[in-house]
Amino acid sequence: MSPAPSIHGDVAAGFGPVADALRRNFTDHGEIGAAVAVYAGEEPVVDLWAGHRDRRREVPWERDTIVPVFSSSKGMAAFTIATAVSRGLLDYEQPVAKYWPEFAAHGKDQITVRQLIDHQAGLSGLDRIVKLRELTDRDALGALLAAQKPAWKPGTRHGYHALTLGLYQSELLRRVDPAGRSLGRFFAEEIAAPVDADLFIGLPESEPMERIAQLSATKGLDILRYELADIPVRIGAEVYAKRGLSFAALTNPRPGAPARAARREFLEIEWPGMNGVGNARALARVYGAAAGRTGALPISDDVLDLLASADTADDVPADDLVLHTKSRYHLGFRKSRGSFRFGSDKRAYGTTGLGGSFGFADPTTGLGFGYSMNRLGMAILDDVRSRNLREAVLRCVG
């Protein structure tokens, strides 16, 4: 058992158990540095941080510490698409090729916007190895994405588009936005700015690296102590063998070792859904604005109703071809379904990130939740540290 750290920040009356859960994550689950936040609409009811932002546990985690949140930024990308739908620039049920004609190549002419952002398009991998620097040439990247052949019949199955989804979303948004903005810039101006969310998709030069927590991979005996039950054996086997849908989806473009992702040369690249950097407070503010219908987000009530829909069943099997687990995607978000439960009911929606970060909206309670940390766990979806915190929140709200 590790020593309990000092917990910094504030909680509203009745939310003390969340601080207790955060403390237990350090003593029982190997946390190094972390933050958790909960917003009721635009009001913070939990805003806590603790621990250290370096592996040696010498530099304290501060209030404004930010850290790579990986695929937790997929939810932020989904909100940008929802904004475009609210403005009539996109329709979830229309073919992507209506807005991006070149996308129709290789039988992709009937893939809808919804199928693309719900990981049903079969575009989880790329046939050609793509280097990180190529992600900065948007025209060339758009041509490469449009030319990709689906790995399965679109609309019949789903498989996590871990590295490619944000690239497709950004190119699609650039095609329909009157200003021609990339997804990172669109997010910064239309979503992050109105709610003062400290989260970036493409780290600006003005942001000092000293703010960013150092990531730590779980290794050695710590795997046995904290992560043994969560090791993704089948995914690891495919990656090791360099074959299969998991290998194709998780290694190209090659992000490098996750623990080295807190580098400027990586974070300054705009890679939506993959290399967002921010903190728990930023995630909770955005999701709280959505869950509480504060009006700060440029998303119509009709679209927010769609995001919160409890009935998202479709003809696509729940088995994820890439992650080898059961999951449900809905308009770019994950839904609370099956063994992966979050929020108070099935209306909740959000996204998880590599290593354990998580953000979600709970429309029934009006709460937005965010969790960020720098020790990278191995769970595919349900990291025990995140689960402890969100279960504490639910107990507080009854």
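Which side chains meet in a salt bridge with arginine 174 and glutamate 171 as its partners, and at what N to O distance? The side chains of arginine 174 and glutamate 171 themselves form this contact, at 3.0 Å from N to O.

## Basis of the report

The model is predicted, so local features need pLDDT of at least 70 and side-chain atom pairs count only at pLDDT 80 or more, while totals for chains, interfaces and linings use all residues. Residues are numbered from 1 along each chain as its sequence is written, and side-chain values use heavy atoms, with hydrogens and water left out.

## Salt bridges

A salt bridge is taken as a side-chain nitrogen of Lys or Arg within 4 Å of a carboxyl oxygen of Asp or Glu. By this rule there are 27 salt bridges. Arginine 174 and glutamate 171 stand three residues apart in helix H5, about one helical turn; helices are DSSP runs of H or I with at least four residues, strands are runs of E with at least two, and both are numbered from the N terminus. Arginine 174 is partly exposed at 21% relative accessibility, whereas glutamate 171 is buried at 5% (buried means under 20% relative accessible area, exposed over 50%, partly exposed in between, with a 1.4 Å probe and protein chains only).

Glutamate 102 pairs with arginine 175, with 3.0 Å between the closest N and O atoms. This pair links distant parts of the chain, 73 residues apart: glutamate 102 lies in the loop between helix H2 (73-86) and helix H3 (113-117), and arginine 175 in helix H5 (residues 165-176). Glutamate 102 is partly exposed at 45%, and arginine 175 is partly exposed at 35%.

A further salt bridge joins glutamate 190 to arginine 181, again with closest N and O atoms 3.0 Å apart. Shared partners connect Arg87, Asp177, Arg181, Arg185, Glu189 and Glu190 into one network. Glutamate 190 is buried at 16%, as is arginine 181 at 8%.

## Cavities

On a 1 Å grid over the protein atoms alone, a cavity is a set of points where a 1.4 Å probe fits but cannot get out, and lining residues have an atom within 4 Å of a point. Points are joined across faces, edges and corners, and a volume is the space filled by probe spheres set on them. Five cavities of 30 Å³ or more are counted.

The largest cavity holds about 100 Å³ of space. Its lining includes Glu171 and Arg174, and helix H4 (138-146) and H5 each supply at least two of the lining residues.

Note on methods: On a 1 Å grid over the protein atoms alone, a cavity is a set of points where a 1.4 Å probe fits but cannot get out, and a pocket is an open set with protein on both sides within 12 Å along at least five of seven lines; lining residues have an atom within 4 Å of a point.
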